[in-house]
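Here are my notes on the model. Please read them with the structure open.

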Amino acid sequence: MNILFSRFSFLLLFLCSWTSFTFTTTEAYDALDPYGNITIKWDIMSWTGDGYVAVVTIFNFQQYRHIEAPGWQLGWSWMKKEVIWSMVGGQATEQGDCSKFKGNIPHCCKKTPAIVDLLPGTPYNQQISNCCRGGVISAWAQDPATAISSFQISVGQSGTTNTTVRAPRNITLKAPGPGYTCGPAKLVKPSRFISADKRRKTQSLLTWNITCTYSQFLARKTPTCCVSLSAFYNETIVPCPTCSCGCQNSSQAGTCVDPKIASVVPALGKNNLEPLLQCTQHMCPIRVHWHVKTSYKEYWRVKVAITNFNYNMNYSQWNLVVQHPNFDNLTQLFSFNYKPLNPYANINDTAMLWGIKFYNDFLSQAGPVGNVQSELLFQKNPLEFTFEKGWAFPRRIYFNGDNCVMPPPDSYPWLPNASPNIATSPFVILLITFLSVLILM
């Protein structure tokens with residue numbers, strides 16, 4: 001009896017360990033954008049009597065993850081007793097204690113300043129190139145021209161040579177909330193600049209680079225989007241998995257809003273980091289629906305709809321990343337922009353989709369107009385095209401850079417003459433093996 005119990009305990013422990021190992025994922029590495037990061041370049045352009053003037057530039061090298069309103073916030077700790085005398089194109093959120101200064105008062109005296117971008121409409125004498133968009137930075141693949149943000153900073157009490165000046169440390173980047181981890185400032189080759197007439201090149205006196213990487217796990221405790229599926233050949237509509245992004249808490253009032261009374265519930269303000277969600281079984285701010293609409297002789301059509309369930313957020317410059325093997329035969333796209341990402345060299349199975357400017361690039365808050373949609377027309381490849389076993393549905397979907405929760409594969413809409421082959425599930429195979437061994441014992 002003891003031997004049987006020991007064997008049972010061992011197999012149960014093995015089963016639990018296997019399932020934990022199988023279904024745990026790391027979000028820090030993004031397979032669809034393996035080299036994506038935010039690089040901060042700190043260029044010292046000139047020395048002053050007690051410090052220097054630098055231009056700080058934020059480059060968003062992420063293909064499809066942008067920084068939306070209310071924008072980025074950059075922070076650090078000074079190594080010495082540095083102060084910020086003045087800024088152009090940005091500002092510190094707090095001045096700090098500058099009581100020891102007489103006459104000329106610094107812009108910021110805090111040991112740990114936090115800097116934000118200026119708003120659109122800032123007077124020209126307070127602007128520099130690539131500033132003043134309210135901290136909003138586009139994704140690199142979506143709009144490289146606006147994937148950069150800059151400000152100028154005049155630093156005092158810092159040292160006035162390459163050997164006496166010290167780089168800032170403990171750099172933090174909020175975009176607009178947590179999620180980014182920044183490494184230390186590294187000394188690199190001085191940046192080079194070309195004059196407006198392109199006849200002269202200059203360079204910075206000293207340059208530091210800081211690299212920041214994103215983790216969805218650090219940004220949010222729960223997912224932010226989910227996927228539902230349907231097809232013309234099956235009446236079943238597969239909804240987002242229950243509690244994809246959280247569950248309705250019946251014990252706490254105000255956890256979500258019934259859409260019938262949403263118009264009388266005061267919102268906290270648009271683009272508020274605290275969501276005010278419509279009550280749903282999935283409780284996600286965003287739902288992406290993929291509908292296999294029509295099959296022609298040589299083509300097939302898909303309808304994609306994005307719905308916003310958050311009353312506190314408008315999504316400007318939203319984007320969608322979809323992975324499906326038939327994107328190498330995408331023939332036509334209606335009312336969305338498209339760009340192939342090709343994260344795996346010559347394999348074209350990943351597409352980035354986003355709205356057309358001034359038409360549907362703005363996804364409004366939850367309500368009657370809180371959705372955007374488009375249709376995609378694919379050419380059938382006779383060697384691989386099929387409606388069987390869920391092939392027509394995407395492998396994964398990202399909204400604004402966050403991985404969306406997909407329904408389990410065995411719940412996908414199946415052809416009328418087919419049935420899901422649950423025996424192909426590794427978990428089911430292991431469970432059957434476990435029960436067989438237990439019976440034999």
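1. Start with the aromatic cluster. This is a predicted model. One cluster is formed by Phe232, Tyr233, Trp300, Phe327, Tyr338, Phe378, Phe385, Phe387 and Trp391.

2. Next, the aromatic pairs. The count is 25. In one of them, phenylalanine 59 and phenylalanine 61 have ring centres 5.6 Å apart and planes at 5 degrees. Planes under 30 degrees apart count as stacked, so this pair is stacked. Phenylalanine 59 counts as buried, at 18% relative accessibility. Phenylalanine 61 is partly exposed, at 30%.

3. Compare tryptophan 300 and phenylalanine 387. Their ring centres lie 6.2 Å apart, and their planes stand at 85 degrees, so the pair is edge-to-face. Tryptophan 300 sits in strand E17 (residues 299-308), while phenylalanine 387 sits in the loop between strand E24 (371-379) and E25. The pair links distant parts of the chain, 87 residues apart. Both residues are buried.

4. Now the open sheet. Its 5 strands run in the order E21-E22-E19-E25-E26, with antiparallel pairing. Strand E21 (336-340) and strand E26 (402-403) are the edges; each has a single partner strand, so one side of each lacks a neighbour in the sheet. Strand E25 (residues 396-399) is joined to E26 by 2 bridges. Tyrosine 398 has asparagine 403 in E26 as its bridge partner.

5. Finally, isoleucine 128. This residue lies in the loop between strand E6 (114-117) and strand E7 (148-156). What does isoleucine 128 contact, leaving aside neighbours within four places in sequence? Val55, Val88, Ser150, Phe151 and Gln152. The C-alpha atoms of isoleucine 128 and valine 55 are separated by 9.4 Å, though the residues are 73 apart along the chain. Isoleucine 128 is partly exposed, with a relative accessible area of 22%.

Technical notes
Residues are numbered from 1 along each chain as its sequence is written. This is a predicted model: local features need pLDDT of at least 70, side-chain atom pairs count only at pLDDT 80 or more; totals for chains, interfaces and linings use all residues. Side-chain values use heavy atoms; hydrogens and water are left out. Helices (H or I, at least four residues) and strands (E, at least two) are DSSP runs, numbered from the N terminus. Buried means under 20% relative accessible area, exposed over 50%, partly exposed in between (1.4 Å probe, protein chains only). Contact means heavy atoms within 4.5 Å. Two strands pair if DSSP finds at least two bridges between them. Rings of Phe, Tyr and Trp (its six-membered ring) pair if their centres lie within 6.5 Å; planes under 30 degrees apart count as stacked, over 60 as edge-to-face and the rest as tilted.
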